[in-house]
Amino acid sequence: MKRLAVILIIACLLLLGCGNPVTPASGQQDSEVTVTLPASMVELEDAEALTKEAREKGIKKVVINSDGSVTYKMSRSVHRQLMQELRQDFNEAVEDLKSGGDFPSIRDVKCNPDLTAITLVVEREAFENSLDVFAVFGLGFAAMHYQLFAGIKAENIKVTINLEDESTGELFQTIIYPDVLEEL
């Protein structure tokens, strides 16, 4: 269960990434990137802390919009660094899923470069009789955050997670984010 908490925390932290901001080389032009996260993907418990943390990461401007969404403005180099860190965090979460003991039915995780398609190879019976489905939740949110920061508009975000039976290779379930969230 500790791994579940870690995955959910990683999904939340993906909003801002981690690490130091990257500054462009002297004389190199570095245009701005604008990313808007919808209110449904942002928890605004402390707007001041959110703004401060974003600025510490090199994000030039944070606007909390009247609809609850948040708009970030940053240089391309900061955005590029943030995208690398988001992908690295995602990859580390995947490795934890595959090697950790908290989700024992998960044998492998495969995904495409833009995180729109993810396949979890699982021991089906164990998966269906456990709480390992929470790993799907964490991966779905992390992939949606990655897509948002990649510039995909919120209404166009889609993450398809296929569950594959390790022994037969059969895809036995498909979960599509954010559609599945409407079903809850």
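Start with two helices: select H3, residues 76-99, and H5, residues 133-149, which pack with their axes 10 Å apart and at an angle of about 165°. Because angles over 145 degrees count as roughly antiparallel, H3 is roughly antiparallel to H5. The crossing of H3 over H5 is left-handed. Now show side chains at the contact: H3 supplies His 79, Leu 82, Met 83, Leu 86, Arg 87, Phe 90, Val 94 and Leu 97, and H5 supplies Ala 135, Leu 139, Ala 142, Ala 143, Tyr 146 and Phe 149. This model is predicted.

**The whole chain**

Zoom out and colour by secondary structure. There are six helices and seven strands in the chain, and along the sequence they come in the pattern α-β-α-β-β-α-β-β-α-α-β-β-α. The chain has 184 residues, of which 43% count as buried. Among contacts with a separation of 6 or more, 64% are between residues 24 or more positions apart.

**Strand S6**

Next select residues 159-165, which form strand S6, and pick out Asn 162 within that strand. Is Asn 162 buried or exposed? Its relative accessibility is 15%, so Asn 162 counts as buried, the cut-off for buried being under 20%. Which side chain does the side chain of Asn 162 meet in a polar contact? The partner is the side chain of Thr 174, at 2.8 Å. Leaving aside residues up to four places away in sequence, Asn 162 touches Ile 118, Thr 119, Leu 120, Leu 171, Gln 173 and Thr 174.

Stay in S6 and move to Thr 160. Thr 160 has a relative accessibility of 17% and therefore counts as buried. With residues up to four places away in sequence again left out, Thr 160 touches Thr 116, Ala 117, Ile 118, Thr 174, Ile 175 and Ile 176.

**Two backbone features**

Most residues other than glycine have a negative phi, and most peptide bonds are trans. The following two stops depart from that pattern.

Select Leu 115, in the loop that runs between strand S4 (106-111) and strand S5 (117-122). Phi of Leu 115 is near 60°, a positive value in a residue other than glycine. Leu 115 has a relative accessible area of 0%, so it is buried.

Then select Tyr 177 and Pro 178. The peptide bond from Tyr 177 to Pro 178 is cis, with omega near 5°. Pro 178 sits in the loop between strand S7 (171-177) and helix H6 (179-183).

**Last stop: helix H4**

Select residues 124-128, which make up helix H4, and find Glu 128 in that helix. Finally, draw a distance between the C-alpha atoms of Glu 128 and Ser 105: they are separated by 8.9 Å, with the two residues 23 apart along the chain.

Methods
Residues are numbered from 1 along each chain as its sequence is written. This is a predicted model: local features need pLDDT of at least 70, side-chain atom pairs count only at pLDDT 80 or more; totals for chains, interfaces and linings use all residues. Side-chain values use heavy atoms; hydrogens and water are left out. Helices (H or I, at least four residues) and strands (E, at least two) are DSSP runs, numbered from the N terminus. Buried means under 20% relative accessible area, exposed over 50%, partly exposed in between (1.4 Å probe, protein chains only). A polar contact is a pair of N or O atoms within 3.5 Å; within protein, one must be able to donate a hydrogen and the other to accept it, and residues adjacent in sequence count only if both atoms are side-chain atoms. Contact means heavy atoms within 4.5 Å. Axes are lines fitted to C-alpha atoms, for helices over the stretch in contact, and angles run from 0 to 180 degrees between N-to-C directions. Angles under 35 degrees count as roughly parallel, over 145 as roughly antiparallel, 65 to 115 as roughly perpendicular and the rest as oblique. A crossing is left-handed if the near helix is turned anticlockwise from the far one by less than a right angle, and right-handed if clockwise.
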